Amino acid sequence: MKNNDILLEVDNLRTYFDTRRGLAKAVDGVSFDLYKGETLGIVGESGCGKSITSLSILNLVPQPKGKIHGGEIKLHREDEVVDIAKLKRTGKKMKDIRRKDSAMIFQDPMSSLSPVYTVGSQIMEGIMLSHDVDKVEAREMAIEMLRKVGISPAEQRINDYPYQLSGGMNQRAMIAVALASNPNLLIADEPTTALDVTVEAQILELMAELQQEYQMSIMFISHDLDVIGEISDRVVVMYTGKVVEVAEVEELFYNPSHPYTQGLLQSIPKIGRKKELKPISGSVPQIYNLPDACHFAPRCPHRMDICTKKEPPTFDLGGGHQAKCWLYEEGGENNEG
Amino acid sequence: MLSYILRRTMIMIPMIILISMVSFLIITLPPGSYIDSYLANLQRMGGEVEQSRADALADRYGLNDPIYEQYWKWVKGFPSGNFGMVFSEERPVMDVIQERIGFTILISVLTLLFTWILSIPIGIYSAVKQYSFGDYFFTFFGFLGVSIPNFLLAIIIMFTGLRFFGVNLSGLMPAAYMGEPWTLAKIAEVLKRIWVPVVVVGTAGMAGLIRIMRAEMLDQLRQPYIQMARSKGVDEIKVIIKYAARIAVNPLISTVGWLLPQIISGGTIAGIVLGLPTLGPKLYDALKIQDMYLAGTIIFINIVLILIGTLLSDILLALVDPRIRYD
Amino acid sequence: MNNPKKQEKITKDTEITMGDPFKAKSHWQLMWQEFKNHKLAMGGIVVLIILYVSALFAGFLTPYNPNERFSEYQNIAPQTIKFIDEDGLSAPYVHPVVGERNMETLAMEYTVDESQKIPVDFIYRTEDTYKFMGLFETNLKLFGSAETQIFLFGTDGLGRDVFSRTIHGARLSLTVGLIGISVSLVLGLLLGGISGYMGGMVDNFIQRVIEFTLAIPKIPLWMGLGAALPQDWTVIQVYFAITVILSLTGWVGMARVLRGQILSLKEEDFVKAARAAGAKGGRIISKHLLPNCMSYILVNLTLAIPGMIIGETALSFLGLGLRPPAVSWGVLLQEAQNVRAVADYPWYFIPGIFVIIAVLAFNFVGDGLRDAADPYH
Ligand code: SF4
């Protein structure tokens, strides 16, 4: 892909939390690119740093404990390239980016809208921050927005409070709030996890439609490989705050390279799959004081000596497929064993 | 909404009956009666009273009747605003109450406002700047506030006024103004002094309120809708005030339930030390000489005031929080 | 700040706690670890230890009997024991105070005679004896002087030593809270425990009682009850009556905390398991529920004591609590009721400073415990 197709370049991003139990490296050296118009899936078990990665991109890491310690988040805007990691969290530029370039939707629709303001006023607020319009026009646009996300009758629903809507409707309303600014970048953090399966399908469909209409890039974060497979063009797999595998979606599903990805794939039910379901044994380690080694080693069926001694680098497997695993070192498997 | 208010008011009726019983019980606990302490006082001053006169007094006030009859005699006048007689002043209790309840309520309301107006912004600040110097500073001063008993703070302020500024801060107005009609000068005098009880009583409740506001704010700031608002590009100050604080103050409204008893309680003792024209000092005097109907009525009225305050705060809460309103 | 060794230790501790029988112990260890980092709370502990130890050794630490009158020394300003004179370090000494009657006003007027230095003896034997910690007679005092009187905090209108009175006063003032809180604890545990454990009608009834108690303003209630204490009761009787009065409102907080804890714990698996295994109610409460609530109870206890100390002080101050010849901080503060007196003799207020320090210390400790008990807050 050509450089001018890139919307976002994340390079060696490190976001740490200073907690009572020590320094938690929630995101530790994450790099990936996001192209214009694509949907990038980010997958991993909870606690892998997916959400913190996405919050870092909007410079919204919870304060005062969390902080971006290093790395670059380069956003390509119309006429400039901005490194978000260097911007002040509440600075003017950052606000401008949030108003015009980016938007975010969250997991829990019920708590992601303020309970004391109407859905309409929360959409209008976003519209008025990003467009130069007055209240009346903003209201018109908000009604239009509600229609687009399939909330009807929009003229009446606009005056509803969030608790008067169902979970699915709230999720649509939240999408309306997010897209009110007409963003290039939509970050969706587990947007369907709290919904039941039918509603989930509807929301995914809606997002795909709106992506076509708005020509935006979506970063879709989920722990659910199935959902990721359905909506993504490319997938980033994360584990303990690091990217362990990147590949186009078909490549990832047909040729998973990292043992963690393989484990994830085996643990999801799939129609037509004969093989038995096998959850990954063990659990995600706490991210305090992790050793210089492959952090998946304790759970990995292919573990080798070197895995517990040295952290594997990222190996390029061709065609944009990368894996962070010693198995892919030149002749790796033939080494000491 | 109306039915909610009605329902809440209905619940208050049995509560009030119960309160009248408790109040009466408290004032009849001391052994002996007003007559005994009256006689003792007279004797101490060298006077002699004939037993027949004492008996006549006791008879007149029904002090020899069984307790339930005395109670009944007292409460049956309530609906018509008759709370019995002040023995020591030989006039209706209602007169004394009327003279003093205005200032009692005024000082309580001012104290409530003072506590809120200071603790809300401080609580917001402490939450937003968690663990900052300012946060610790206010925490420390909050602690100092709760740790200084009301009456000591009153003494400290009066002492400072007298010693360093040469002003006498006791009472609400100089003696010359007492019983005079309200003039601008009189109001000015009252304003010069009324802050003392307000500060004295208010500081005690402040620490608790700051703590609640801070905790609520921290809680709200962790909510996803805050991140959602930030991700829209809403100014941080607006995120804090319009989103977080708007919801964080709601539970504060319901703290009236425990703040008000504290204020009435603190106001009583501050009133005694400062010599205010409120109900507190009258209660003190009445208890000392067993002027039972006066003491009982003041205790009763204090608790009823608290109940009404709590009811008003519940109604207010329902008004500001749509989630409750539509229940 | 981030000492890696310490982190490791904390991590280990939490790991041990995961569902093993040593839970209570490591919970306390963890709490202590957190508590130690709370500087104000540690300071509070030190202050409290000093205060209680002083109260215990009041007889030894103070030169006089608290009710001893020195009629020739009335309303004397505090004196200081000096260790340094014009020539540098010196043996401890005081300047004596000399009184003279002003023949016009007939009042005594005192001046400090700077020209004289009277040595002060540390570890001094007086003529009178007192009971050391109430155990045996002795006449050993920390300091004193054979040639003059020493009034560190000055004297009151009757010529009594404010220092001796203040330190002795700590005995009643500081123990009222402890005893009051014990009574509250028993009441609170009983009612809160029953309320949380039984649920239903009983719970409902106790809840209403709690709400009602909360709505009663404390001071008027205490005043009413304080006024009911018969004048002819002894100090001991009044003292216990006061603790009971203070506990009448004090139990509520305890009961609420306990009920809430029990309600949430009741749903936990290990309690259900115990119940399924046929354990009796009382046994479940004492064996399973109480140990799990201990830290909350402790926090609540610590935070409730200052309220009781203030309560005693306020009541005695108003003359509705302890009365002379009992010596408590509240009784001493009766002298400070008149602001003019405080303005003329500011040292009347010294017992008040002790009240504030003690209450502040308890509040800091309680706050430290609260943070420590709830590490995720
Ligand atoms: S580096 Fe080793 S332990 Fe880690 S995933 Fe690869 S094979 Fe497994």
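View 1. Residues 194–213 of chain B are 100% helix and 0% strand, with end C-alpha atoms 26 Å apart, while residues 136–165 of chain B are 90% helix and 0% strand, with end C-alpha atoms 31 Å apart. Helices (H or I, at least four residues) and strands (E, at least two) are DSSP runs, numbered from the N terminus. This is a predicted model, in which local features need pLDDT of at least 70 and side-chain atom pairs count only at pLDDT 80 or more, whereas totals for chains, interfaces and linings use all residues. Residues are numbered from 1 along each chain as its sequence is written, chains are lettered from A and ligands numbered from 1 in the order in which they are written, and side-chain values use heavy atoms, leaving out hydrogens and water.

View 2. B:Arg100 lies in helix H5 (residues 93–128) of chain B. B:Arg100 is buried (under 20% relative accessible area, with exposed over 50% and partly exposed in between; 1.4 Å probe, protein chains only). Apart from neighbours within four places in sequence, B:Arg100 is in contact (heavy atoms within 4.5 Å) with residues including B:Leu276, B:Pro277 and B:Lys282.

**View 3. An open sheet in chain A.** Four strands of chain A form an open sheet in the order S2-S1-S4-S5, with antiparallel pairing; two strands pair if DSSP finds at least two bridges between them. The edge strands, each pairing on one side only, are S2 (22–35) and S5 (81–83) of chain A. Strand S1 (residues 6–19) of chain A pairs with S2(A) over 11 bridges, and A:Leu8 has A:Leu34 in S2(A) as its bridge partner.

**View 4. The salt bridge between A:Glu80 and A:Lys93.** The side chains of A:Glu80 and A:Lys93 meet in a salt bridge (3.1 Å, N to O). This pair links distant parts of the chain, 13 residues apart, with A:Glu80 in the loop between S4 and S5 of chain A and A:Lys93 in helix H2 (residues 92–100) of chain A. A:Glu80 is partly exposed at 28% relative accessibility.

Note on methods: Lys and Arg count as positive and Asp and Glu as negative; His and the chain ends are not counted. A salt bridge is a side-chain nitrogen of Lys or Arg within 4 Å of a carboxyl oxygen of Asp or Glu.
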